[in-house]
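Please open the structure in a viewer and keep the selection tool at hand.

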Amino acid sequence: MMVARVWAKHGLKPHRLERYMASNDAKFEAKAADIIGLYLNPPSHAAVFCVDEKTAIQALDRFDPVLPLSPGRAERHGFEYYRHGTLSLYAAFNTKTGNVLGKTAPRHTSAEFVAFLTDIVAHQPKGKQIHVICDNLSAHKTQRVQHFLSEHPAVSIHYTPTYSSWLNQVELWFAKIQRDVIARGVFTSVADLKRKLMRYIRQYNKAPKAIKWIYRNTDNRITTDSSVTVH
């Protein structure tokens, strides 16, 4: 208790741990400015999509029923579960409208990524300029992807800087579906998981919300002299 009192007095919390990842991309500022520019000042008559895949989503079926929360008691899940399988969820977040185009796939290879890009093009008016923001996953940079871009000159891909996928707004939407559907979900099969994910997307698109980033305090900007970057 003496140790606990000393920690409390001096505001020390050794049980807590915060992680960060500093980008080592030599072109970080140029790439970040390109992406942020698409958010703040997108090209006229063009569509901007944040695209990524949420991989290896598990279809977990719990052996015991979920016990709801009650006064003074947290929601309880049984410890044992059965895993029916996994699938990947592709999502394209429209930065202007907040609408999401979603598609599930058993794998997350370059072929699935190109197929999803094809779906994005199909959902836009013919010839419309499309800007796609995605991370540096190897499946996003294959010859198959380059061939797709050569056949669709209206589509441009903008890659986030290395270790900076947080610049991709679809990650915020993935966090939302993780909280609302996946984390507490009970899925009797992979097909059941797919059905509930797509149902959530349909419901979400009835009242979509665009993300508005505001950076008010420049004193919080991380630089090479910031304490959080000292090793």
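From the N terminus on, the elements run α-α-β-β-β-α-β-α-β-α-α, giving six helices and five strands. Helices (H or I, at least four residues) and strands (E, at least two) are DSSP runs, numbered from the N terminus. The model is predicted: local features need pLDDT of at least 70 and side-chain atom pairs count only at pLDDT 80 or more, while totals for chains, interfaces and linings use all residues. Residues are numbered from 1 along each chain as its sequence is written, and side-chain values use heavy atoms, with hydrogens and water left out. With the C-alpha trace displayed, the protein spans about 70 × 50 × 35 Å along its principal axes.

**The sheet**

Select the five strands next. They form an open sheet of mixed pairing in the order β3-β2-β1-β4-β5; two strands pair if DSSP finds at least two bridges between them. At the edges are β3 (100–105) and β5 (155–159), each of which pairs on one side only. On average, neighbouring strands are turned by 30° against each other, direction ignored.

Now select β2 (residues 81–94) together with β3: six bridges pair them in the antiparallel sense. Here Ala92 is placed opposite Leu101 in β3.

**Helices on the sheet**

Axes are lines fitted to C-alpha atoms, for helices over the stretch in contact, and angles run from 0 to 180 degrees between N-to-C directions.

Move to β4 (residues 129–134) and β5, which run parallel and are joined by five bridges. Val132 lies opposite Ile157 in β5. From β4 the chain crosses through helix α4 (residues 143–151) to β5, and this β-α-β crossover is right-handed: with the strands pointing away from the viewer, the path from the first strand over the helix to the second runs clockwise.

Finally, select Ala46, Ala47, Val48, Lys96 and Lys128, the closest to the centre of the second largest pocket among its 13 lining residues. The largest share of this lining, three residues, comes from β1.

How values were computed: On a 1 Å grid over the protein atoms alone, a cavity is a set of points where a 1.4 Å probe fits but cannot get out, and a pocket is an open set with protein on both sides within 12 Å along at least five of seven lines; lining residues have an atom within 4 Å of a point.
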